[in-house]
Amino acid sequence: MNESEKRWAFWALSCAFLVDFLGYAFIVPILPSWKQEFALSNTEATALVSLWAVPLFLLGPKTGRITDRLGAGRTILFSLFCLTVASLLYLVAMEVKFVDGFIILAIARLIHGASGAAILTAGFAAASDIWPMKFGEISGKLIAMATIGGLLGPVIGGVAYTLGPQYAFIGLAVITATIIPLVYVTTNELGLGGEPAQGSVPLKVFLENPVLFRIGLLVTMTTLATGALEAGVPLFLDENLGLNAAWIGAVLLVMVIAQGMGGWIWGALVDRNGPVRYMVFGWYIVTFAMLAAGYVAYSISDAVLAAYCIIVILGIFQFAISAAQVPMLPMIDTATSQVYGKGGAGLAFGAFGTAWAAGTIIGPMVIGPVYDYTGSWGITLGILAVPMFCGLLITLSNRELLAECYDSEMSKRHESE
């Protein structure tokens, strides 16, 4: 594959990741409005965020096997068609009268999540095959593009929904559909699939391998926190500052910009210096950031001042969480290649997607009930420091194992060039 074809492949993957996560985050500033319209509790509202990740959790390995057999290009192309349909179902949910709209919202969210699962798995598998020596940089850029989608989602969703639901969800469908031609013309470059070179790898090997199992735990910790914040912060801002959907989207914009910048920066640094040092740095910062957010929300009586302080703290958190998260992708790639050889990248990143989804499901389902029970944002935010501290301990206790796995595989790749 020449450099021009690689550039087209990169932009196809980037756009697919962008619209995937744009749809994921699109509904976040709309949650307070849906909460009132459908008479939802905090737990039910945050559950809509979690539902996106349920198919990723259940179907992650399956989408990996599909990717290995059919190819990343075909998998992503079909998924984009499904994303477009799911976007229109959100509008249907608000218009129908003969059935509970919340049920249709849940169905749309599940379809969106299943399609997103396939894009995530197939995209990382294609990148690891096309750029084996620059996977840290490329995966960091893909995470950054996904983050931009997460950044634009709340902004576009909040502003468009303020104008009218039809503008929001028809617009989301149109944006998604515009990416289909680009992916179609790059299907061959992204990969046409085939049987894995080493045969069918059972999923249990990813639980038995010490590196992959630990990385799975760490991925779950990071997405637990980010999922909880994506669901909880709009409710926090609505309650403490009385912001509408458009302003909530603007606040989330600041947070996600920080994460997107981090993904771009940390991915390039991993290729130069290895992943472990940045993972340790990230876990330290996010642990202290969650403790600080909980302390501010609990101790500062001025709700407006506390809210602004927490926005700054969460911006720092978003930048640091990418330092813990992005290096895990090259770790999965090198550990899979080292132990099982080439050919099973789809299954490896499908298993990674399952771990990612587990945290994304748990996070919103934790923050809603905790706040409903305690009535305290200080406790609700501060309790997220617990999984962050666990992630720090896992990384510190296994740093030599993780570094050895990465360094040995990358040395083999350099020698083979």
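Rings of Phe, Tyr and Trp (the six-membered ring for Trp) count as a pair if their centres lie within 6.5 Å; planes under 30 degrees apart are called stacked, over 60 edge-to-face, and the rest tilted. By that criterion Phe26, Tyr90, Tyr161 and Phe169 form one aromatic cluster.

Colleagues, what you see is a predicted model, in which local features need pLDDT of at least 70 and side-chain atom pairs count only at pLDDT 80 or more, while totals for chains, interfaces and linings use all residues. Residues are numbered from 1 along each chain as its sequence is written, and side-chain values use heavy atoms, with hydrogens and water left out.

Let me begin with the chain as a whole. The protein chain has 20 helices and zero strands, where helices (H or I, at least four residues) and strands (E, at least two) are DSSP runs numbered from the N terminus. Of its 417 residues, 60% count as buried; buried means under 20% relative accessible area, exposed over 50%, and partly exposed in between, with a 1.4 Å probe and protein chains only. Taking contacts (heavy atoms within 4.5 Å) with a separation of 6 or more, 87% are between residues 24 or more positions apart.

I turn now to the aromatic pairs, of which the structure holds seven. One of them joins phenylalanine 10 and tryptophan 131 edge-to-face, at 6.4 Å centre to centre and 90 degrees between the planes. This pair links distant parts of the chain, 121 residues apart: phenylalanine 10 is in helix H1 (residues 3–26), and tryptophan 131 is in the loop between helix H6 (101–130) and helix H7 (135–163). Both phenylalanine 10 and tryptophan 131 are buried.

How are the rings of phenylalanine 26 and phenylalanine 169 arranged? Their centres are 5.8 Å apart and their planes stand at 55 degrees, so the pair is tilted. Phenylalanine 26 belongs to helix H1 and phenylalanine 169 to helix H8 (residues 165–177), so the pair ties together parts 143 residues apart in sequence. Phenylalanine 26 and phenylalanine 169 are buried.

Finally, consider serine 322, placed in helix H15 (residues 303–325). Is serine 322 buried or exposed? Serine 322 is buried, with a relative accessible area of 1%. Not counting residues up to four places away in sequence, serine 322 touches Gln259, Gly262, Gly263, Trp266 and Pro327. For comparison of setting, isoleucine 257 lies in helix H13 (residues 245–273) and is partly exposed, with a relative accessible area of 37%.
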